[in-house]
Amino acid sequence: MLNNQNIVAVLGPTNTGKTHLAIERMLAHKTGMIGLPLRLLAREVYDTVSARLGSHSVALVTGEEKIIPSAPKYWVCTVEAMPGDLTVEFLAVDEIQLCADFERGHVFTDRLLHRRGTSQTMFLGAATMQATIADLVPSARFENRSRLSKLTYAGQKKVSRLPTRSAIVAFSSEMVYSLAELLRRQRGGAAVVMGSLSPRTRNAQVALYQSGEVDYLVATDAIGMGLNMDIDHIAFAATRKFDGIGRRQLTIAEMGQISGRAGRYKNDGTFGVTAQAHELDIETIEHLEDHRFEPVKTVQWRNRNLNFSSTDHLISNLKAHPNRQGLARSRPAADIQALEILSRDDDIAAIISGADDVALLWQVCQLPDYRSISAHDHAGIVTRIYRFLSSADGCIDEDWFARQLSFCDKIKGDIDTLSNRISHIRTWTFVANRSGWLKDRLHWQEKAREIEDKLSDALHEALTLRFIDRQTSQLMKRLRQKEEFMSTIEQDGSVIVEGETIGQLSGFRFIAKAAETENSSALKAAAAKTVGDEIEARATSVVAMPDQELSLTAQGKIVWQEAEIGVISVGDTVLKPKLTLLADDYLQTADRAAVIFRQQKFLDRHIATMLEPLQNLNDDEAITGLARGVAFQIVEGLGVIERGKIADDIKTLDQSARGMLRKHGVRFGAFHIFIPVLLKPAPTQLRLLLWTLWQEKNNKLDRSTLPQVPGQGLTSSPVDPSAPPAFFQVAGFKVCGGRIVRIDMLERLGDMIRERVFWRPMSELSKRPEGSIEGGGFSVVADMMSLVGCSGDEFSNILTALGYKAEQRPLPPVEVKEADVKTEAAPETEASTGDSAEAPAEVENTPDEPAFLEVWWPNNTGPFRQRKPAGSKSTGRKPATRPQNTGKKPYKPKHSPAKKPSRPINPADSPFGALAALKGTLKK
């Protein structure tokens, strides 16, 4: 008969002293029992009580460990392992809100409904259970306790910036390990606490944290179940977890249980998010800070009235539905799954002959699946044990059991290997603690515990070696104690702390060594003051220095003493780029503002100096009307614009307007309107940078695809077809056929051509320039080709691209005097034989090559505007272009074959004819 009198539910958030209260109440009675949610917590409470009363007065009972003296007064147990045949004055169950847990909840609900102390019963947990307890246990009275300290949300922080005495909560071993690795590199290391750890390993890890050897703890949500440590801040690395079925969002109540571990006794605590977790919403934050959570409306339940007459009856009983409001049948756990698998085994069915056999089968099926293997694999272990227990001997074969232990008795291996062995030994420890399963139960309990302790120590050592760098940890301790460190900055910027080079100071930025050591972060922190002082001194120097000590690179970086301290980006206009400071957080706010102001001044003056004509042209308010439009286009083109694009505007400009533009250095060339002084290398580099930034702003350009500008001194170069023509124009070149040619050289070429095409004698002494053709046009001379650095077809393609066309004009016949021919041919005669000279008629034979001259004209002028003279023909030259990949031979300009003249050339009429006759004579 249950004693439903004096039932107390002590409810409230974490850090309200509920567990401490229950222990004190228990010890105030002659006998007592407390059920706790974790083996780790049970061991902690057992150690506390044992230290006060002596080990002879208290028993520890968990699934894997039993320490039972001859006459204990008090029993500390896990909830699942609470002995059902004991009567005690005081009985308590901690974390009673776990009645709602899908996996273990039915056990807690069973204790709520059916376990009582003879004098007092106490249920401890969250206030969310009040309504449910009131409904299920109407006689219960409630004690509501308030949190002893304040809990505040601290926002999102990087792992490396979390405050000391922080616990980071993750929901998988992989995430726990990665976070601990990061903390090793950044802060010297972290202790690790997971529910799967043995109590011995867990206690050793917690001792590292509690002693201050490490300032950080990485844990699973097991930390929320009453593990008491000095934690100031809880950081969620994730807010989703796998609950055995799928990944789901943590409930606010679950988050409250975990975050409540921050702050001990009357010390306030904080909570926040880090790593992969997103910022919490306002509503969630308010609920967590105020400890307001949704009440538990339904708890998990499993039928405890079992019929062992057959496995079918047993399974039917276990799957029965509750008959009262607020209870929900729990989903089938590993024990029911194992029972169903074994009930379908014919060999097992043959063994079962009565209710005792079914009861034993159910007892074996309750073996926990510590290894988290598949249901069928776990059922295989259960089957083997049941066969042993059903044999004539009635016990597990000890040789077989010894072999299972020997597989675990190996301390070499990594963390995962050792953890796996511990999960195996936990299974055999559980078996060794079952009454009647082994003949020499005490021996095997001791043997299994010995192996577990060895594995636990090895795992603790492996965790410590992997996740704690003791040198870095000591450095961090010295930092917290504000000890002085030996740190210096060398002339080359090397930062040295305690004899170790940790990085380089470049400008206002600290650059860590590429291959960081484990204690690099701690050393960097130790050097913070020295680095900060040096950066402050550098800021003072930069603010006071002249412009000559700063420079702007072609990539847009502002450089001081070979270090980059700023970078420019596109601004509101092409001539007003923005400046971004390149500096670490070491540079304080006031110094940062002063350095930015100084760099901006340098940048403004540098642009004003390099591009002075362009700036003046842009700012001259006297330029109005059409001239202002032309000026705007010149500025927009950064000092260069093709004449053809604004030809109509240029024709309309009067001389006064042109004069205003010329005052700023604008030249009106044949092909371009440009400012020659801006084509020099330094202004060109700056103009290209500003143009590139402007193009990138509109996503029209990828800077990495731009070719190199031809080196200084080159007047032309083969064109790179991947670059936009506008790039070459800003660089001071024009694409002409297959080459790019310097704009100023093209204009000089245009001047030279214009002089020859339109030459008129100014007096009788005027001499026609070389290449000027009587009647108009011009022929190519060496000076023209030297201007642009190419010849032959390449030069012809340039002329064609500039708008010139060529024709093959026949030379007039030339009359050659007979005497001249004989005189020239005399050396070829053989005077000793007396032979006579060749007759003059022989000299007038047709020469081998036709006498044609290539004459060029501006397009739409000369012969290309009127009917061509008889006998002349156009060469039809076109710019040579890069061939397309069509599989055909690339295009190459061809000359039309010349026709032979209709009559022989008279040498007397032309010097060219005389030369041709002489050539023919010499060949004979």
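Which residue in β32 does Val735 stand opposite? Val735 faces Ile740.

This is a predicted model, in which local features need pLDDT of at least 70, side-chain atom pairs count only at pLDDT 80 or more, and totals for chains, interfaces and linings use all residues. Residues are numbered from 1 along each chain as its sequence is written, and side-chain values use heavy atoms, without hydrogens and water.

**Strands**

Helices (H or I, at least four residues) and strands (E, at least two) are DSSP runs, numbered from the N terminus. Two strands pair if DSSP finds at least two bridges between them.

| Strand pair | Sense | Bridges |
|---|---|---|
| β31 (residues 733-736) and β32 (residues 739-742) | antiparallel | four |
| β27 and β29 (residues 672-674) | antiparallel | three |

β31 and β32 form a hairpin with two residues between the strands. Gly737 takes a positive phi there, near 65°.

β27, β29 and β28 make an open sheet in the order β27-β29-β28, with antiparallel pairing. β27 (640-642) and β28 (667-668) are the edges; each has a single partner strand, so one side of each is left without a neighbour in the sheet. Val640 has Phe674 in β29 as its bridge partner.

**Helix α13**

α13 (residues 375-389) has 15 residues. From first C-alpha to last, α13 reaches 21 Å, close to the 21 Å expected at 1.5 Å a residue; the expected span is 1.5 Å times one less than the number of residues.

Buried residues (under 20% relative accessible area, 1.4 Å probe, protein chains only) of α13 include His378, Ile381, Tyr386 and Phe388. Among the elements that cover the buried residues of α13 are α10 (334-343), α12 (355-365) and α15 (415-432).

How values were computed:
Buried < 20%, exposed > 50% of the residue type's maximum accessible area, 1.4 Å probe, protein only. Contact = heavy atoms within 4.5 Å.
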